Amino acid sequence: MINHVQRETTSLTPLHVNLATMADLTGKGLFSTKTVCIVAGASRGIGRSIAVNFASKFPPGSLVIALSRDVEQLTVTKTLSTKASPAVLSVTHVFDQGTLDQHKYETLFKDSLQGRSTSEFQQAMIIHNAGSVGSEFCRNLTDVNQVSHYLNVNVAGLVALNAQFMQVFKDVPSKVVVNMSSLSAVQPMASWGLYCSGKAFRDMFMRTLALEQPDIRVLNYAPGPVDTNMFHKEGIQETKAEDHLEALREYKRKGSCASRGPSHYVSCQQLLGKPF
């Protein structure tokens, strides 16, 4: 079983800094084999950075599948990924993780493979980056539909997507599952009750997956506060607890923030360096 938890620091993380340190324990690099890589939540920020930078690292014939609800921004991600590595096929699929339609989940990967066989690949990877914050005090979570939708996107949808990944790519020799985690998974934050609970669930789910499947590599990775649209909109603009909001503003004031231009991608230079 391989399960690594990397927690964030207290500074705002630039978008161009290293995402994580991952490597094959056999000594073979993560990017050395023909790979199919699925990135959920790939239309902006960290998800787009991962899709583009990973595409530039994988060998020719690999496939990067970018998932998101936003078709316009997915097109941008595909363009950038193709430019980064024309030899790696980058495809997009409009997918709402919060819409729990059984048929859509069951056909997602088949449609995204576009006729290619899973037997073509030596490695299958999924990056669980899709999610939302949903700031509200626990005492005010009276809207059943709001709570249900949040849990569908951040909990149930992840479970269903991951299970489909495990089924569809069960015969691929090497599998990697990465969950984008947060300090909120272990530390309560006022007005972020749903977010903290969802992150805690995802962390424990991945730990359980790693226990059940010792043959795959599982990583819970928390990159720290990152200067993205989500940090500003759902973090600074919508956080309701004043103390928590001030802490986020302090990260912004003291942190080293990257611009949100297309040239700022997550650097993967250390991904080949250390085992996890």
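Where is the place of Ser 184? Select Ser 184 to find out: this residue is in the loop between strand S6 (174-180) and helix H5 (193-212). Keep in mind that the model is predicted.

Stay on Ser 184. Its relative accessible area is 3%, under the 20% cut-off for buried, so Ser 184 counts as buried. Now show its contacts. Leaving out residues up to four places away in sequence, Ser 184 touches Met 189, Trp 192, Tyr 195, Cys 196 and Lys 199.

Next, the aromatic rings. The whole structure holds eight aromatic pairs. Select Phe 95 and Tyr 105. Their ring centres lie 5.1 Å apart, with the planes at 80°. That angle is over 60 degrees, so the pair is edge-to-face. Phe 95 sits in the loop between strand S4 (89-94) and helix H3 (102-113), while Tyr 105 is in helix H3. The two are 10 residues apart, and the pair links distant parts of the chain. Both residues are buried.

Move to Phe 201 and Phe 205. This aromatic pair is stacked, at 6.0 Å centre to centre and 15° between the planes. Both belong to helix H5 and are four residues apart, so about one helical turn separates them. Phe 201 is partly exposed, with a relative accessible area of 34%. Phe 205 is also partly exposed, at 23%.

Now select Phe 31, Phe 54 and Phe 58. Ring pairs link these residues into a cluster.

Last stop: which ring lies under the charged end of Arg 139? Select Phe 137. The charged end of Arg 139 sits over the Phe 137 ring, 4.6 Å from its centre.

How values were computed:
Residues numbered from 1 in each chain as written. Predicted model: local features only at pLDDT ≥ 70, side-chain atom pairs only at ≥ 80, totals over all residues. Heavy atoms only, no water. Buried < 20%, exposed > 50% of the residue type's maximum accessible area, 1.4 Å probe, protein only. Contact = heavy atoms within 4.5 Å. Phe/Tyr/Trp six-rings, centres within 6.5 Å; stacked < 30°, edge-to-face > 60°. Lys NZ or Arg CZ within 6 Å of the ring centre and 35° of its normal.
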